[in-house]
Structure formats: C-alpha cells, structure tokens
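Try each task before you read its solution.

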Amino acid sequence: MKIVFFGTPQFAVPTFEKLLNHSEFDVLAVVTQPDKRRERGNKLTPTPVKAIATAHNLPVWQPERVKKDTETLTQLQQLDADVFVVVAYGQILSSKILNIPKLACINVHGSILPKYRGAAPIQWCLYNGEPETGITTMLMDAGMDTGAMLQIATTPIGLLDNAQDLADRLAAIGGDLLVETLLKLERQEIQPIPQDNLAATYAPLIKKQDYGLDWSKSAIQLHNQIRGFYPNCTASFRNKELKITASAPLGSVGDVWRQAAPRLRQLPSELQELVHKLPDLSNVSDTGVVVSIAKGIGAIVQTGEGLLLLREVQLAGKRPQSGWDFVNGTRLTVGEVFGAGN
C-alpha cells in the first residue's frame, strides 16, 4: 500500500514509525508544517515528523498553506498514492487533496468521536474530567473531524494523568490502530460508521486565558485544568507568576467531586492518607489560602470547594520543582495566599 504521511508534532511520530517499519506499507513522501524558530539561538528547528522522514531519506514538503500551494498539489497527484494518512498535521486539507488518493484519506484522531472534534481533544477531555478517552480512525471529509468512523480504541484516564502522559499513551495506541485499520480497509473488512452530529462536542485551540487559575473553582476543577493544560497553568505568588504543573485534589464537596471520588483509589498511598487528615471542610478559609503543609510533599490550598495539594510548581525563570522543595525554598507558611493567574 502506497502512503503519503501528513503529520507534524511528536504525537504523530509513533504512527509514522509504525508505517515505516511495516512490510505492507510503502511511505512515498511526507507533508509537515514549516520549520519554526526556537527561542534559544533563534535557529530553525525541524518538526519531529520531518526529523524522522529526513533520517529515512524521504521527500519532505512543508507548504505554508497546503490548500493554496499548487506545487505541492501537483506533486501529490504525481505520486499515485493509495492512501493519505493524517495525524495532527495542523492544517485543513482541501477537497482537491482529499480526492487524490485511490483508496482514502484517513485521519488518526485523539478522542472517541464524535466527542472532542477539533485541535485539542486530549487537553479538553482532561479539563472536563472524562474517565476515558481513545483514538478514532476515520475517513476524512471537508468538515472538521466529521468523517465516517472506521475503528475506535479506548483507554482509561488516571486521576493524576496529565496531557503529556495521555498524549504519549494515545500516540502508541494510534499507531497500532492505524495499521489494523489500513489492513482491514484494504481487505474490505470495515464498514464506515457515520458520526452522530447531535452528540458532537468541540475541542478548540487552547488560548492564553485558559491557563489562569481561579481559586474559587473546586479542587477537582482546578486539578483537571492543571493536568489538562499542562504545563502552562498559572497562579500568582508574592506578586509574581507561578506555574502549577502537578496537583492532587484531596477533598471537596458537591456533584463534581462525587463523580470523581471513586477514582481517589488511584492516588498513591501517601496521598490517600492525607485525605483522612484534612482540615475540617466546614471551616472554610478564604480561597487561595495555604491551610496546611504536607511534610515531604507540598502545600495544601483552600479552593471554592475542597482542598488542592500542589505537587509540582515552577517559578518564573526557574526549572520545575517539587511542591516540598518549593515550600522549603520560599519558606512558605500556613496562611499565605496564592492569587489568581492571568
């Protein structure tokens, strides 16, 4: 099977490598986003997919706007490919491109469709506290992740999983699922299933304002925001920006907490012990206040509903550090207040 691979970030690499290493597939060329300049040295850095393609001496095309690039369109037509595979490419393909391959354009999408169509399915499913997610392979059409579904593979989401953890796991699942999908599609063993548009949800690009933490939210909501938008969520501390990169909800009230409570059993034993030693939630302090410090672990902060443990943080200009190192390094005391992020 002759394939053209469209992909850009690290998430796409495991699937790309599965195709390269499989005897049934012949990857003809790669389309990826243009190289970007990084802050240090301002040097152009290839995309992760391009780095792999170059190592395998494959042709690589990097149009600024693939829909408008007539040269790339002509090259794609000349390849006579059976399938175009798209994994987190980052641009929308035109109908002309979708109609080029003989068999299909297939997308490997990081959610259980039709939920979380769009650019950031992994982040938003964590933000919303979903108990599971998965990978969907689908036939591409002109819409945004609206094509008929081919196969789905699911995975549970741990209470402490963050976006990077989940992306790594889904990337590996996606590679295996795509190989299975392509082989079954070639043998005509798959019947595409139309999506239920009424059940669809949207996962838009993450914006800077999504990173700011509001301590009036519940502990579980803040925890889901921190792990969903990892590693960029911010609070303020002593009038400076502080990133909170890992947390744990130790207690809360209300419906949101009750839905998440069964997953408390996933917490490490030392954190489960903390749950039984919490201050009385009936004596609610102002939100953002440090109500306790867990020795060897980190600060415990009052939220709008319940308490949040700060497991890892990052001061501006510094490396990430454990919650306990942060407590010692700043001489943090009970009663200090964290402000909202910007």
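**Exercise 1: Strand partners**

In β7, A104 is the bridge partner of V83. This is a predicted model.

Task: Find which strands pair with β6, in which sense, and over how many bridges.

Solution. 
- Step 1. Start with β7. Strands β6 and β7 run parallel and are joined by 4 bridges.
- Step 2. Turn to β1, residues 2-7. It pairs with β6, residues 83-87, in the parallel sense over 5 bridges.
- Step 3. Check single residues. I3 has V83 in β6 as its bridge partner, and V4 stands opposite F84 in β6.
- Step 4. Place the strands in the sheet. The open sheet has 7 strands in the order β5-β2-β1-β6-β7-β8-β9, with mixed pairing. Its edge strands are β5 (60-61) and β9, each pairing on one side only.

**Exercise 2: Helix α6 and its contacts**

Task: Describe how α6 packs on α1 and on the sheet.

Solution. 
- Step 1. Take the geometry. Helix α1 (residues 13-20) packs against helix α6 (residues 163-186) at about 40°, with the axes 7 Å apart. That angle makes α1 oblique to α6. The crossing is right-handed.
- Step 2. List the contact residues. From α1 come P14, T15, K18 and L19; they meet A171, A172, G174, G175, D176, L178, V179 and L182 in α6.
- Step 3. Classify them. The contact holds 7 nonpolar, 3 polar and 2 charged residues.
- Step 4. Helix α6 packs on it and touches β1, β6, β7, β8 and β9. The direction of α6 makes about 150° with that of β9.

**Exercise 3: A loop residue**

Task: Is I157 buried or exposed?

Solution. 
- Step 1. Locate I157. It sits in the loop between β9 (149-156) and α6.
- Step 2. Read its accessibility. I157 counts as buried because its relative accessibility is 2%.
- Step 3. The C-alpha atoms of I157 and P131 are 5.2 Å apart, although 26 residues separate them along the chain.

Key. Residues are numbered from 1 along each chain as its sequence is written. This is a predicted model: local features need pLDDT of at least 70, side-chain atom pairs count only at pLDDT 80 or more; totals for chains, interfaces and linings use all residues. Side-chain values use heavy atoms; hydrogens and water are left out. Axes are lines fitted to C-alpha atoms, for helices over the stretch in contact, and angles run from 0 to 180 degrees between N-to-C directions. Helices (H or I, at least four residues) and strands (E, at least two) are DSSP runs, numbered from the N terminus. Angles under 35 degrees count as roughly parallel, over 145 as roughly antiparallel, 65 to 115 as roughly perpendicular and the rest as oblique. A crossing is left-handed if the near helix is turned anticlockwise from the far one by less than a right angle, and right-handed if clockwise. Contact means heavy atoms within 4.5 Å. Ala, Val, Leu, Ile, Met, Phe, Trp, Tyr, Cys and Pro count as nonpolar, Asp, Glu, Lys and Arg as charged, and the others, Gly among them, as polar. Buried means under 20% relative accessible area, exposed over 50%, partly exposed in between (1.4 Å probe, protein chains only). Two strands pair if DSSP finds at least two bridges between them.
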